[in-house]
Amino acid sequence: MSDRAAATSVAIIGGGFSGAAVAWHLLRLQPKLSHIVIIEPRAEIGRGLAYSAADPSHRINVPAARMSLIPDQPDHFNDWLIASGHLDADPAAHLEDGRNFPARAVFGQYVQAEIASLGSRIRHVQASAEEVVAEADGYAIRCSNGATVQAGIVVLAVCHVPPSAPAPLERALGGDPRFIANPWTPGVLDAIAPDARVLIVGSGLTMADIVASLDRNGHRGEIVAVSRRGLRSRGHPSAPCDPFGDFAANPAHTVQALVRRVREAVREAAREGKSWHGVLDQVRLQGSIIWGALPLNERRRLLRHLRPFWDVHRFRIAPQVEATLDRRAEAGRFTLRSASLRGFARDAAGIAVTLRDRRTSLIDTSHFDAVVLATGPAHGRVFADSALLGALEDAGLARPDPLRLGIEVDQQARALSADGKARDDLFVAGPLARGTFGELMGLPDVTNYAIRVAAGVAELLQQRAPRLVADKIY
């Protein structure tokens, strides 16, 4: 697209999965809409950070039969995976029980193909949005390539900001090539020697991906992962299981009551010979109702005390990655520790890291050849670290949610301005709306929420049809 001004009915800022899903469903709901502008710095629409990973060891964490752009066609991606030949090209993706866990990049290719099928109805501005200015008939979006997009309706589908290193870690190791603050930087792990002793700060899905990448690169040294609680993401059940329990009828109003109900459901499932996985799946499916019933102070309590436990049970690792962690652990080449970081020093032997064991309170110091940060997205700093969101906040167009999980929105997914009022033409898609809606991190949840946003935009388009900004390029 030209870097001259463009005018459009709808502009989506962010072309990762969330932005792509909103665009795809909106064009299905509004077949007469000539086009949508997507502002995305990457060359391809639909991949984002999660599905741009080139490493084939980074696999989807949900079986392919549950990873669909079209929820009412749950096998849509799985059918594409088979028909495209990608499954034949990666035999390790197929499990004996029939489930498929291909590389995440393959899912990105699927979404990209669906977007490409829309042809000229998707117009890609390959740039970053730097400022959104409210005008009488919509918004002016100023982009990093010099373009200005005039839009009647804007959908914010911005991605997470990179992880933030703990201040002591940044002060001690910032600038040292042996300290990897962003493990998603392409090729950054390649510099780690095969026999290097590696410390990974964090023990969730990012840690698992790092171990899988190092293992694939031929790494044979010891890897130690450390987190305060020492929790590792759980695997999938050995056999498919249906959601179990009911947490939406008369939902709990306190964290204590919610935990009690979940534990009782797990016990009841066990009595029936069923796995806990189905209980947690039901909690996820009913998550918006559960979250909505909790007062703000109880939401804070949940995040403070239960979030790590929820994350490791909800966000499960692919069986292939789980097998890699288990194999290395059995061989003594992977250790998970529950400890806090107490100090860092650089010397001739490497990086000296002092840890305080959470269970015994004992303090010990070990040397590592590399330290990799795997603490996940820095949700609490999203407005501080995103120039676009910072500009939106300064202009009074958007504000952080009270829990600082992302952007505050109303029940119609519309951003709340500085005065707490919803702007009817500024929507928020993706996980940054989870302060209002609760669980919005797994792909099935993000997809359903994208459809909700698309429906809201479609309804507004219907209302505004006589006075929409003309769909044209100057």
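The chain holds 16 helices and 16 strands. Both come from DSSP runs numbered from the N terminus: a helix is H or I over at least four residues, and a strand is E over at least two. Bear in mind that this is a predicted model, where local features need pLDDT of at least 70, side-chain atom pairs count only at pLDDT 80 or more, and totals for chains, interfaces and linings use all residues. Residues are numbered from 1 along each chain as its sequence is written, and side-chain values use heavy atoms, leaving out hydrogens and water.

**Overall shape**

How does the radius of gyration fit a compact globule? For 474 residues the rule gives a value near 23 Å, and the chain has 23 Å, so the two agree. That radius is taken over C-alpha atoms, and the rule is 2.2 Å times the number of residues to the power 0.38. Along its principal axes, the C-alpha trace spans about 70 × 55 × 50 Å.

Of the 474 residues, 53% are buried, meaning under 20% relative accessible area with a 1.4 Å probe, counting protein chains only. Now look at contacts (heavy atoms within 4.5 Å). Among those between residues at least 6 apart in sequence, 70% join residues at least 24 apart.

**The cores**

In soluble globular proteins, nonpolar side chains tend to be buried together. A nonpolar core here is a set of buried Ala, Val, Leu, Ile, Met, Phe, Trp, Tyr and Cys residues joined through side-chain atoms within 4.5 Å. The largest one has 106 residues, and Ile13, Phe77, Phe107 and Ile141 have the most contacts inside it. Helix α16 (residues 443–464) gives the most to this core, with 10 residues. There's also a second, separate core of 20 residues, including Phe244, Val255, Ala269 and Val283.

Beyond four places in sequence, Ile141 touches Ala11, Ile13 and Ile39, among others.

| Residue | Helix | Relative accessible area |
|---|---|---|
| Ser18 | α1 (residues 17–29) | 11% |
| Arg328 | α12 (residues 319–330) | 0% |

Which residues does Ser18 contact, leaving aside neighbours within four places in sequence? They are Ala157, Ala429, Gly430, Pro431, Val446 and Ala450. The C-alpha atoms of Ser18 and Leu156 are separated by 9.4 Å, though these residues sit 138 residues apart along the chain.

Arg328 is buried too. Not counting residues up to four places away, Arg328 touches several others, including Asp215, His219, Arg220 and Phe334.

Conventions:
Buried < 20%, exposed > 50% of the residue type's maximum accessible area, 1.4 Å probe, protein only.
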